[in-house]
Amino acid sequence: MTITVKFFASLREEVGMADLHIDGECAETVAEVWQTATDRAMPANTLMAVNQEYVDAGHPVRDGDEVAFFPPVTGG
Amino acid sequence: MIVRLLAEPFDPWQTVQAHQREHLAPGSYGATALFVGTMRDFNQGDTVRGMTLEHYPGMTERYLEDISRQAAARWDILDSLICHRVGPLRPDDPIVLVAVWSAHRAAAFDASRWLMEELKSRAPFWKKEVTAAGERWVENT
């Protein structure tokens with residue numbers, strides 16, 4: 001089983017990838033997913049979602065989760 | 001209660017008329033509050049030639065459906081409609097339509113304003129605009 005990691009907008013460009021999969025054993029929280037998936041520090045204003053619901057960096061993750069990172073939103 | 005993401009330009013006025021015909025009984029509503037957001041050709045002092053709207057497929061729809069349900073629970077409204085563009089846009093293109101129907105004006109005004117503010121602050125959309133100097137992500141202000 002794996003965790004699917006997605007990046008959007010400016011964060012996708014900075015990280016250099018739209019999505020990837022990591023081993024579900026590698027991370028217990030959203031913050032650890034970021035550390036496993038990227039080689040940089042998370043920008044302070046980053047928004048996070050697990051399975052398409054907003055969460056905080058300390059939120060636990062499980063095998064099969066979809067974890068997303070993105071910058072502040074600018075729709076409307 | 002309908003949420004639609006649109007990849008092609010749309011006419012918000014025709015969309016509202018069609019929605020009323022299909023979903024609202026004549027005589028049932030006394031108030032219709034509309035907000036339409038339209039793409040400007042200027043931002044932060046620069047001429048803007050075009051824009052691309054990125055979104056998070058799946059989460060964006062879920063988020064808009066979630067706030068629509070919250071609005072229906074919080075205010076005495078009959079129906080709501082949210083349409084939002086994605087993909088490439090040009091100046092003067094409508095970006096977003098929020099419409100709310102109710103018996104009396106207060107619920108329609110209040111629910112539509114709340115929906116629009118929630119959409120602006122939390123719905124996962126990102127604007128990238130094209131200026132003479134190139135492309136840039138729009139900053140959240």
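Guide: Here are the labels, with the values behind them.

Guide: This is a predicted model, where local features need pLDDT of at least 70, side-chain atom pairs count only at pLDDT 80 or more, and totals for chains, interfaces and linings use all residues. Residues are numbered from 1 along each chain as its sequence is written, chains are lettered from A in the order in which they are written, and side-chain values use heavy atoms, without hydrogens and water.

Visitor: What makes Phe7(A) and Phe69(A) a stacked pair?

Guide: Their centres are 5.8 Å apart, with 20° between the planes. Rings of Phe, Tyr and Trp (its six-membered ring) pair if their centres lie within 6.5 Å; planes under 30 degrees apart count as stacked, over 60 as edge-to-face and the rest as tilted.

Visitor: Why are Tyr54(A) and Phe70(A) called edge-to-face?

Guide: Their ring centres lie 5.9 Å apart and their planes meet at 70°, so the pair is edge-to-face.

Visitor: How do you know whether Phe7(A) is buried or exposed?

Guide: Phe7(A) has 1% relative accessibility, so Phe7(A) counts as buried. Buried means under 20% relative accessible area, exposed over 50%, partly exposed in between (1.4 Å probe, protein chains only). Phe69(A), at 0%, is buried. Phe70(A) is buried at 0% as well.
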